[in-house]
Structure formats: C-alpha cells, structure tokens
Amino acid sequence: MKLYTRTGDTGQTSVIGGRVDKDDLRIEAYGTIDELNSYVGLAAACADPALFEDLRDQLQQIQHELFDCGADLAYATENEDRYKVRGELSARLEVWMDQYQQETPPIEKFILPGGTPLAAALHVCRTVCRRAERRVVSLFRTKQGNAEVLIYLNRLSDYFFAASRIANHRSDQEDVEYIRSANVFGKSGR
C-alpha cells in the first residue's frame, strides 16, 4: 500500500460515511486530537522508565484511546452502536488523578508550566488537549456525536496537569508558583 492516495489533492478528505473539506469542523477536531496524540508520544519518550513506569503505561493507553476518540468523531452520521469511547475511560482517569494527587504536595496557587522536560511536555499535552476539547465543542454545536469524547477530553486535560506535577515531584523538582496568583485552590490544594 502506498502512503499517498492523491484523493485529497483538491482539499477534501474522507470520513466514515462521506467526504468533507479538510477544514471541516470534524477534521479540525480529530486532527487536533491526532496532534495531541503525537505530543503524548513525545511525553512518554521523555519519561524515565525507572521513575515513571506507571505513567509511561498510562500514556500509551491514552494514545490508543485518543485514536478511539478520533474514530468516534470520524463518523459523518451519529452511530452509537460503533462508538468506542465510554464513560469508564473518564472514570479511570479520575482514579489515576486521585492517586497522583495523594503523592504530590498540595498547591494553593497557579503554577507555571514547566519544570522537568517531562513535566513541560505534559503541560503541552494539557494545553493541546484543551484546544482539542474546544474544537469538539465547536463541532457538537452543529453536528451530533459521541458526548463521551468531550467528557474524556475534559478529564484528560486535568489528568495531564496531575501527571505534570507527578513528573516534577518524583524528580525532586518543585513546581513554580505564579508570583501574582491569589490563593485559588484553598487550603486543601488537591
């Protein structure tokens, strides 16, 4: 099989059930998820297996689930029978976040994205995930689709925040608080 088909040379591409312009909201949404998936791969490549075996395994699992998100968004018509993203995926992200929050010190203020290369890469994942979420919101204003994808992306960006904090914490790198931040997280900070 050749890597090129020439079928997109006129600015259109295929989705499951039809063809659309390459700047269609559906393409923009799952294209941004594809971009996120690449950044997740980069973050996983930055994770030292000795410190982050759990995180590396989670990131690889997330990469598969991001493919599922893209597949669910690729349907030109609603197709609930074939959707792959289910509520259990978001619930599992919450379990992982809770575990990471128990391991990291509480925060009271906003923190700057950065620290270790892994933490910085995870912050990039967080922000690209937020953009993907916004693209899906735009898509769902005009088209129906799997609402679980939107929930998953919302939870996933929170997961990347928790994972970035674990990356710094396990590497003995303190998070840097935004110097003009109010105490926005309260005393619990978890």
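Mentor: A nonpolar core is a set of buried Ala, Val, Leu, Ile, Met, Phe, Trp, Tyr and Cys residues joined through side-chain atoms within 4.5 Å. Buried means under 20% relative accessible area, exposed over 50%, and partly exposed in between, with a 1.4 Å probe and protein chains only. Here the largest nonpolar core has 40 residues.

Trainee: What should I know about the model first?

Mentor: This is a predicted model: local features need pLDDT of at least 70, side-chain atom pairs count only at pLDDT 80 or more, and totals for chains, interfaces and linings use all residues. Residues are numbered from 1 along each chain as its sequence is written, and side-chain values use heavy atoms, leaving out hydrogens and water.

Trainee: How many helices and strands does the chain have?

Mentor: Helices (H or I, at least four residues) and strands (E, at least two) are DSSP runs, numbered from the N terminus. This chain has 5 helices and 2 strands. From the N terminus, the order is β-β-α-α-α-α-α. The C-alpha atoms fill a box of roughly 50 × 35 × 30 Å along the principal axes. Of the 190 residues, 38% are buried.

Trainee: Which residues have the most contacts inside the largest core?

Mentor: Leu-59, Ile-62, Leu-156, Tyr-159 and Phe-160. At least two core residues come from each of α1 (25-46), α2, α3 (87-103), α4 (117-142) and α5. Take Leu-156. Contact means heavy atoms within 4.5 Å. Not counting residues up to four places away in sequence, Leu-156 touches Leu-36, Ile-62, Leu-66, Leu-93 and Cys-129.

Trainee: How do I read a helix pair, say α2 and α5?

Mentor: Two packed helices are described by the angle between their axes and the distance between the axes. Axes are lines fitted to C-alpha atoms, for helices over the stretch in contact, with angles from 0 to 180 degrees between N-to-C directions. The axes of α2 (residues 49-73) and α5 (residues 147-170) come within 12 Å and cross at roughly 160°. Angles over 145 degrees count as roughly antiparallel, so α2 and α5 are roughly antiparallel to each other. The crossing is left-handed: the near helix is turned anticlockwise from the far one by less than a right angle.

Trainee: Which residues meet there?

Mentor: From α2, they include Leu-59, Ile-62 and Leu-66; from α5, they include Leu-156, Tyr-159 and Phe-160. The residues of this contact divide into 17 nonpolar, 1 polar and 4 charged. Ala, Val, Leu, Ile, Met, Phe, Trp, Tyr, Cys and Pro count as nonpolar, Asp, Glu, Lys and Arg as charged, and the others, Gly among them, as polar.

Trainee: At what angle do α4 and α5 pack?

Mentor: About 165°, with axes 8 Å apart. That makes α4 roughly antiparallel to α5. Their contact has 17 nonpolar, 5 polar and 4 charged residues.

Trainee: And α1 with α4?

Mentor: Their axes come within 8 Å and cross at roughly 165°. So α1 is roughly antiparallel to α4. The contact residues are 18 nonpolar, 3 polar and 5 charged. α1 passes α4 in a left-handed crossing.

Trainee: What is Arg-155 in contact with?

Mentor: Arg-155 lies in α5. Leaving aside neighbours within four places in sequence, Arg-155 contacts Ser-90, Leu-93, Glu-94 and Met-97.

Trainee: Is Asp-172 buried or exposed?

Mentor: Exposed, because its relative accessibility is 73%. Asp-172 sits in the segment after α5. Its phi is positive, about 60°, although Asp-172 is not a glycine.

Technical notes: Parallel < 35°, antiparallel > 145°, perpendicular 65-115°, else oblique.
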